[in-house]
Amino acid sequence: MKMNQTDSLIKGVIAAILCCAVFSCKKAFDITPKNVVVSADAYRNVSDADAVVTGIYGQLMGIASQYVILNELRGDLMDVTGNADQYLRQISTFSATSTNPYTDPKPFYQIILNCNDALKNFQIMVQDNRMSSTDFAIRYSTVGAIRSWLYLELGIQFGSVPYVTSPLENLDEVNDQNNFPRLAFSQLLDSLIQFTEALPYKDPFPSGTSLVTSVDGYSTEKFFIPIKCLLGDLYLWKGDYVDAAANYHYMMNYADILYPAKNSEQWYETYKVAYTANLRGPLWNNIFTEPYGERYSNYEIMWDLPFDENFDPGNPFIHLFYNTGSDYKLK
């Protein structure tokens, strides 16, 4: 998965984060800070809901390096260089201490709690007729799915984890095992599969959906997690190979949903190694070298979030992999 970020995403992140927070100011002035979005103002209509969704997905950029390091630095195809710090070396040798920042689950749970807040408020919005049932189904599902993906990652990395599905004002409440007992990975998978299968919308977004737009010149068409692919991963980790294969088969034939007329170049090439790739070299290589949204490699990419050098957060992989000077920490 490619990852990037923009200033509009940051605005959405602020909306998503702050709707969970509590702010105060001196009564003598009775001034509402201009950079604060309180919960009552964050869920007025579909546009507000879209900002929250985009903000939650924007937060994923903050865990990009942690996600790659935890998954790949303990694998066979990545290693540290002489520039790596003690924490990267610990991950590489399976000897991480409690102070290692890469093994801190809090960044994942912060996004999860924002997901929980959004899911609760989306339900209130549709009940209060501030959102149609169709708009609700899409937004509830894409936020619910990214929460399931975050929990899958936590389960893969940490084994047993607290499974929190309610909004919390304080992140430290997650540590209360009386209210949130840890679930073993197998139990967690059962809960994630049940929840994700019950999401009201699991297909590609329909034409005209306001979430599919352009943010600072980047199309959001592939910002949002493909839920059927996620289900394939969940079933695969569970060892249910038949259901995993069924969901992966759906993804392999995604073009049938996206381009039902079956008479376009996109239908022939979406998620397939197509003949046009040979004009520019192997398609698998283009996925990692072509710019965001490039025509041919984009047919193969399923989920794509763009970093942008002009906006925070900066691309962490430059400082990890750039093979010149002290920035070259991983290979």
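Biologist: On what basis are local features and side-chain values given here?

Modeller: In this predicted model, local features need pLDDT of at least 70 and side-chain atom pairs count only at pLDDT 80 or more, while totals for chains, interfaces and linings use all residues. Residues are numbered from 1 along each chain as its sequence is written, and side-chain values use heavy atoms, with hydrogens and water left out.

Biologist: How many helices and strands does the chain have?

Modeller: The chain has 15 helices and 4 strands. These are DSSP runs numbered from the N terminus, helices being H or I of at least four residues and strands E of at least two.

Biologist: How do you know that the span of helix 7 agrees with its number of residues?

Modeller: The expected span is 1.5 Å times one less than the number of residues. Helix 7 (residues 133–158) has 26 residues and should therefore span 38 Å; its end C-alpha atoms are 36 Å apart, which agrees. Just after helix 7, G159 takes a positive phi of about 80 degrees.

Biologist: Why does S92 count as buried, and why does D176 count as partly exposed?

Modeller: S92, in helix 5 (residues 86–92), has 18% relative accessibility and so counts as buried. Apart from neighbours within four places in sequence, S92 is in contact (heavy atoms within 4.5 Å) with L73, D79 and V80. D176 lies in the loop between strand 1 (161–162) and strand 2 (182–183), and its 30% relative accessibility is why D176 counts as partly exposed.

Biologist: Why are helix 3 and helix 7 called roughly parallel?

Modeller: Angles run from 0 to 180 degrees between N-to-C directions, and axes are lines fitted to C-alpha atoms, for helices over the stretch in contact. Angles under 35 degrees count as roughly parallel, over 145 as roughly antiparallel, 65 to 115 as roughly perpendicular and the rest as oblique. Helix 3 (residues 46–59) and helix 7 pack at about 15 degrees, with axes 11 Å apart; the two helices are therefore roughly parallel.

Biologist: Which residues of helix 3 and helix 7 meet?

Modeller: V46, A49, D50, V53, I56 and Y57 in helix 3 meet D135, R139, T142, V143 and I146 in helix 7. By class, this contact has 7 nonpolar, 1 polar and 3 charged residues. Here Ala, Val, Leu, Ile, Met, Phe, Trp, Tyr, Cys and Pro count as nonpolar, Asp, Glu, Lys and Arg as charged, and the others, Gly among them, as polar.

Biologist: What makes helix 8 roughly antiparallel to helix 9?

Modeller: Helix 8 (residues 185–197) and helix 9 (residues 227–238) pack at an angle of about 150 degrees, with their axes 10 Å apart. That angle is why helix 8 is roughly antiparallel to helix 9.

Biologist: Which residues of helix 8 are buried, and what covers them?

Modeller: The buried residues are F185, L188, L189, L192, I193, F195 and T196. Their cover includes helix 6 (106–127), helix 7, strand 1, strand 2 and helix 9.

Methods: Buried < 20%, exposed > 50% of the residue type's maximum accessible area, 1.4 Å probe, protein only.
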